[in-house]
Amino acid sequence: MPELPEVQTIVNGLTKKIIGKQILFLKEFRRNTVINHTEINSPNFGKIVSILRRGKYIVFVTSNGFKIVIHLRMTGKLIYVVTETELPAHTRAVFGFSDGSELVFDDTRAFGKVEIYKEEETVRALENLGIEPLSENFNENYLKNMFVGRKSPIKNLLLNQSIVAGLGNIYVCEILYRAEINPQVSGKNLLPQQIRKIVKQTKIVLKEAILHNGTTISDFRNIEDKTGEFQNFLRVYQKKECPKGHQIRKIKQTGRSTYFCPKCQRIDSQQSAVSKSAISNQQSAVSNQQSAVGNQQSEISSRQSEVSSRRVGVSSGQPVKE
Ligand SMILES: [Zn+2]
């Protein structure tokens, strides 16, 4: 499944090729691939003004006030063709431009969608996305707040698109390896320095992957039907050994394969560190409560002494026992 770096690679490619091009037609080759959310049956899109990425979504903004939202899902590909060629076997939709070039939406498993909205319409799927991991807003404080009270393993939390938009299985495995964090640790048990490492490594891994045009494990292709190269730089995903020569373990987490190094990403040292700090926090909380109780008691006794001294009309600094 294309993740943020692959989708960004596609957006970068499209930006070079189709910005400013007039869309002549959008033909659907398989029912339910193109979904028209506007009331216009055959919208006149005009030219492509800009192309954006949000999470794993691609958005074309057109000059006649439309937004075309594309989600590639599992196996979707966008292939740009200049000359008349035979359409790929799993062509689901084709954009035709006024210069004769075409953008083919090919999708073996047919989960991908092309959705048409008016520019001012809200796109629910995009509204529900969490923040972009390469933005400044993705920082230690943000993640710390998101992880408060979350029992789910960190692996699942990073895959949750409403927390961070654009991460998938491959990159989460790589990020956690580089941050030396066991994928099974609960979000709420992470130490501040671990959250800081996750933020840092997320940005590093994603930027490196974009630089190498994404990862091709099975069928990711850029718009010129070429593979990415980041698969050559993966450290744990589908590997037998980590770069330090330790054996990689493969487990299932919510149905998806997690690859990690039990030696580089230890759970015991972290958890003992976590539990120690948790215990000392509890102890200090208890002693705070005790001192609070002590304060209350001394406050009560000083009030009592005030009352009793008023009663007897004698000024006395000492608490009076009853
Ligand atoms: Zn290792």
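Predicted model: local features only at pLDDT ≥ 70, side-chain atom pairs only at ≥ 80, totals over all residues.
**The chain as a whole**

Let us start with the overall picture. The chain has 322 residues, and 31% of them are buried. Its secondary structure consists of seven helices and 11 strands.

Now find strand β7 in the structure, at residues 91–97. Strand β7 has a pairing with β1 and another with β8. The table sets out these two pairings.

| Strand pair | Sense | Bridges | Residues opposite each other |
|---|---|---|---|
| β1 (residues 22–28) and β7 (residues 91–97) | antiparallel | five bridges | lysine 27 and valine 94 |
| β7 and β8 (residues 102–107) | antiparallel | five bridges | phenylalanine 95 and leucine 103 |

Valine 94 is the β7 residue that stands opposite lysine 27, while phenylalanine 95 of β7 faces leucine 103 in β8.

**Helix α1 and its surroundings**

Next, turn to helix α1, which covers residues 4–18. From its first C-alpha to its last, this helix of 15 residues reaches 20 Å, close to the 21 Å expected at 1.5 Å a residue. Just after α1 comes glycine 20, with a positive phi of about 85 degrees.

Which residues of α1 are buried? They are Leu4, Pro5, Glu6, Val7, Gln8, Thr9, Ile10, Leu14 and Ile18. The elements covering these buried residues include the strands β3 (46–54), β4 (57–62) and β6 (76–81), along with β7, β8 and the helix α6 (192–211).

**How α1 meets α6**

Two packed helices are described by the angle between their axes and the distance between the axes. The axes of α1 and α6 come within 9 Å and cross at roughly 40 degrees. The two helices are therefore oblique to each other, and the crossing of α1 past α6 is right-handed. On the α1 side, the contact is made by Leu4, Pro5, Gln8 and Thr9; on the α6 side, Leu206, Ala209 and Ile210 take part. Leu4, Pro5, Gln8 and Thr9 are also among the buried residues of α1.

Methods. Residues numbered from 1 in each chain as written. Helix = DSSP H or I, 4+ residues; strand = E, 2+ residues; numbered from the N terminus. Buried ≥ 20, exposed ≤ 12 C-beta atoms within 10 Å, placed from the backbone. Pairing = 2+ DSSP bridges. Expected span 1.5 Å × (residues − 1). Contact = placed C-beta atoms within 7 Å. Axes fitted to C-alpha atoms, helices over the stretch in contact; angles between N-to-C directions. Parallel < 35°, antiparallel > 145°, perpendicular 65-115°, else oblique. Left-handed = near helix turned anticlockwise from the far one by under 90°.
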